[in-house]
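Subject: Structure for you to look at

Hello,

Here is the structure I promised. Please open it and keep it beside you while you read my notes.

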Amino acid sequence: MNFLKNSTMKLLGLALFLAIACASVYAQSGRIETSGIDHLASRASETVDINMDERLLQMSARLLSTQDQDEARVRELISGLKGIYVKSFSFDHENEYAETDVEAIRSQLRAPGWTRFLGVHSRHDGENVEVYVMMENNLIVGLAILDFEPKEFTVVNIVGPVDLERLSRIEGQFGVPDFDLVRETTPTRRNE
Amino acid sequence: MSDYLWDKSGEVDPEIEQLEELLGTLSHKPHAATLPDSLLSQVGARAFTHWSEWAAAAVLILMGLAGLWIGSERLDARAQIPSLATQEIAVAPVETGHISETAREVRREAHSHNRSNNEIASGRPFRRRPLFNLYSNQNSAQARSQTNVPQSANQDAVSQTPMSVEEIAEARRARDELILALQVASAKLNHAQHRAQSLTSTNPGLNP
């Protein structure tokens with residue numbers, strides 16, 4: 001009986017270890033799992049769901065010009081990236097997502113390697129903006145931006161070495177005057 | 001020493017014979033040992049404990065199969081790239097400042113087809129920047145006419161390496177989504193920075 005118990009416990013322990021190892025490898029890659037919030041799409045009035053892996057990034061880079069200034073900047077920015085994942089849900093009414101949905105994302109960012117770079121919580125308008133980075137040898141190898149507003153739920157995850165300064169300059173380029181997901185704009189940084 | 005004790009020869013020693021009879025009951029018997037009834041009743045419960053073993057084994061097997069499946073999917077995806085590259089299209093030579101309308105139509109059609117398929121698959125329309133393609137095409141066309149560049153940079157990129165129609169369509173869709181994703185990321189990052197800056201300006205003592 002002891003042998004049976006021991007062998008069962010060993011097997012379960014091994015399975016648990018493998019599961020944790022798989023999860024930690026996933027977490028260490030800078031990628032966060034967002035499939036847990038897919039159900040919000042059924043309640044959202046507008047949805048942005050972009051999953052770009054390394055292959056798609058390389059493929060799109062082939063069509064980016066080296067002569068056009070804007071596209072050249074994007075080309076530089078995405079070189080070395082392993083993936084860009086965006087999920088953004090806009091709702092007609094408030095309270096369409098639960099705290100568990102937020103926790104499903106936040107809990108992953110408490111894993112070793114992730115650091116909260118910036119966090120703004122406004123009780124006044126109910127907005128929470130958080131920026132997390134994963135560092136490796138003083139280099140950002142993962143970025144996660146969470147924006148939880150009463151009528152919006154956005155998760156951005158960039159995997160790979162990303163230059164935050166360059167990324168912040170992308171907004172407002174490509175002849176698009178404004179991006180309506182953001183209420184406040186940055187006129188000084190536009191069209192640099 | 002008595003020979004009987006050594007090899008059972010010679011005169012029989014009665015004491016040794018008596019000891020042999022007494023201890024003979026404990027000698028080796030060539031048949032399987034039987035478990036006592038108390039232990040047998042406990043073994044009956046073993047079948048009930050089996051489920052946990054089977055569950056653990058099943059988890060391990062499933063994890064192994066999942067690993068194999070993921071690995072094979074990646075290999076398949078990699079294998080598809082060279083097969084796509086073999087489906088080359090013949091691009092007719094274009095005159096300076098002009099792009100083959102036929103090729104452009106084919107790509108546009110493939111592009112819209114892919115996009116609508118994705119929208120159907122997701123169940124909701126993707127939110128995209130309006131008229132981005134038209135905008136960028138107009139910009140590049142203007143730049144071309146002003147600088148007398150024979151082809152747009154995109155066309156250069158396309159013509160440098162042979163791409164199939166499907167690849168071009170997929171690359172265009174990927175480029176559009178990449179631009180959109182980067183704009184969302186950039187906007188959100190700037191938004192977060194502004195919120196933090198506005199917080200520190202209104203509360204100088206805070207350090208978010």
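First, a definition: helices (H or I, at least four residues) and strands (E, at least two) are DSSP runs, numbered from the N terminus. Read along the sequence, the pattern of chain A is α-β-α-α-β-α-β-β-β-β-α. That gives five helices and six strands in chain A.

Two notes on the source. This is a predicted model, where local features need pLDDT of at least 70 and side-chain atom pairs count only at pLDDT 80 or more, while totals for chains, interfaces and linings use all residues. Residues are numbered from 1 along each chain as its sequence is written, and chains are lettered from A and ligands numbered from 1 in the order in which they are written.

Now the sheet. Six strands of chain A form an open sheet in the order β1-β2-β6-β5-β4-β3, with antiparallel pairing. Two strands pair if DSSP finds at least two bridges between them. β1 and β3 (114-122) of chain A are at the edges with a single partner strand each, so one side of each has no neighbour in the sheet. On average, neighbouring strands are turned by 5° against each other, direction ignored. Axes here are lines fitted to C-alpha atoms, for helices over the stretch in contact, and angles run from 0 to 180 degrees between N-to-C directions.

Look at β2 (residues 83-90) of chain A. Seven of its eight residues are buried. Buried means that 20 or more other C-beta atoms lie within 10 Å of the residue's own, with C-beta atoms placed from the backbone. β2(A) pairs with β1 (residues 46-53) of chain A over eight antiparallel bridges. There, A:M52 has A:I84 as its bridge partner. β2(A) also pairs with β6 (residues 152-159) of chain A, again antiparallel over eight bridges. A:S90 has A:E152 as its bridge partner in β6(A).

Next, the core. A nonpolar core is a set of buried Ala, Val, Leu, Ile, Met, Phe, Trp, Tyr and Cys residues joined through C-beta atoms within 7 Å. The largest one has 57 residues; A:I84, A:I145 and B:A185 are among those with the most contacts inside it. Helix α8 (residues 165-202) of chain B gives the largest share, 14 residues. A:I145 touches residues of both chains, including A:V131, A:V156, B:A185 and B:L189. Touching means that C-beta atoms, placed from the backbone, lie within 7 Å.

Over the whole of chain A, 33% of the 192 residues are buried.

Best wishes

Note on methods: Buried ≥ 20, exposed ≤ 12 C-beta atoms within 10 Å, placed from the backbone. Contact = placed C-beta atoms within 7 Å. Lists of a residue's contacts leave out its neighbours within four places in sequence.
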